[in-house]
Amino acid sequence: MKTTLALVAFTLLLPVAASAQDGRVDLSFLDRLAARASEKQEVTLGPDLLMSSGAALIAPGPKAEAAKQILSELKGIYVRSYEFDDDKAYSMDDINAIRKQVSASGWVKVVSNEERDKSGRWELQEIYFFHSGGKINGMLIINAEPREMQVVNIVGPIDFAKVAALAGILGIPNIAGAVN
Amino acid sequence: MNLDHDLHDAFRRKQAPADLADRVLARINEAPAPSRQVGPASSGVRRWLAAAAVLAIAAGGGQYYAHQRQAAEAARVQKDLRIAMQITSETLARVQSKLSQPAEERRQQGIP
C-alpha cells in the first residue's frame, strides 16, 4: 500500500520536477491570487505559439533577423502581474512557493533585495537564472510589494549580449544593464 | 378515269369548317408546354460542374477562414509578447532602481 502511494505521489510530482529542470516554473498556484487582484495581466506563450507565430511578430528592420532567431529559440514566456487593493492580499508563503521551485539544481539567484520596515511591510526583488549545458536556459524575475506582484519566467536560451543589442524591438529592455 | 379529272377534283377549293379556328386554339391550350429534353450526358456534366463549384466555394471559404484565424492568432500573440516584454522591462527597471537607490534615501522617502 505504502509503495503504491509513493508511486502515485512520485507520478504526480514528476511533471513539476521535470518542468523545473528545463527552466520552467509552475505558476498555476498564482491563479488564486489572480482571483483577489484588482488588476491583472497574464501572458502565457508556450513553445507552440512562439514557434508558429514568432517569426511573424517581428516587423521588418535591421534587427529583425536577430530578433526572430532569439524568439525562435525560446521555449516559453510566462508573465503574471497583479495589483491588489489590500496590503495583505498575499503573504510570504505565496512567494516561498515560487522560491521552492527555484531551489532545484540548475537555478542560481543572481539578484536579491528584501526589505522589511518596522510596521511589518515587506518587499522583495529577486532574479534567478537557470543554467544547463554551460548556458543560461531560463530566467525568473520576482517583484513583490505590499499591493502588487510581478513574476516573469522566460524559458529557453538567453544570450544577454544579443538581447541587449535588440533594445527597442518589441519593447525589449536593456536587460544586461539591469542585471549587472 | 381521267387524270385531268382526278387532279381537278383533288385541288378543288373547299370551305374550311366554321369552328376550325376555335378547335385549333382549344387544342393548343390543351397540349402540355413543350419541355426541353436534356440528354443524359449533358445532365451528368451539369451535376459535376455544380459539385465542383460547391467544392471550390467551400475550399475557398475554408482557406479564407483559416487565414483569418491565423492572422487573429498572430495578432493576439504579438500583443501578448509586447505586454510580456513591457512588464519584464518595468520589473527589471524597478529591481535596478531598488538596488541602485541608497537605503538612507529610501528610508527618508518612507519606502520600506
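Two strands are taken to pair if DSSP finds at least two bridges between them; helices (H or I, at least four residues) and strands (E, at least two) are DSSP runs, numbered from the N terminus. The model is predicted, with local features requiring pLDDT of at least 70 and side-chain atom pairs counted only at pLDDT 80 or more, while totals for chains, interfaces and linings use all residues. Residues are numbered from 1 along each chain as its sequence is written, and chains are lettered from A and ligands numbered from 1 in the order in which they are written.

In chain A, 6 antiparallel strands form an open sheet in the order 1-2-6-5-4-3. Strand 1 (39–45) and strand 3 (107–116) of chain A each have a single partner strand, so one side of each edge strand is left without a neighbour in the sheet.

Strand 1 of chain A pairs with strand 2 of chain A over 7 bridges, and A:Leu45 stands opposite A:Ile77 of strand 2. Strand 2 of chain A also pairs with strand 6 of chain A, over 8 bridges; here A:Val79 stands opposite A:Val152. Of the 8 residues of strand 2 of chain A, 7 are buried, so this strand is largely enclosed by the rest of the structure (buried: 20 or more other C-beta atoms within 10 Å of a residue's own; exposed: 12 or fewer; partly exposed: in between; C-beta atoms are placed from the backbone). Strand 3 of chain A is joined to strand 4 (residues 122–132) of chain A by 9 bridges, with A:Tyr128 as the bridge partner of A:Lys109.

Contacts (C-beta atoms, placed from the backbone, within 7 Å) link 30 residues of chain A with 23 residues of chain B.

Notes: Two residues are in contact if their C-beta atoms, placed from the backbone, lie within 7 Å.
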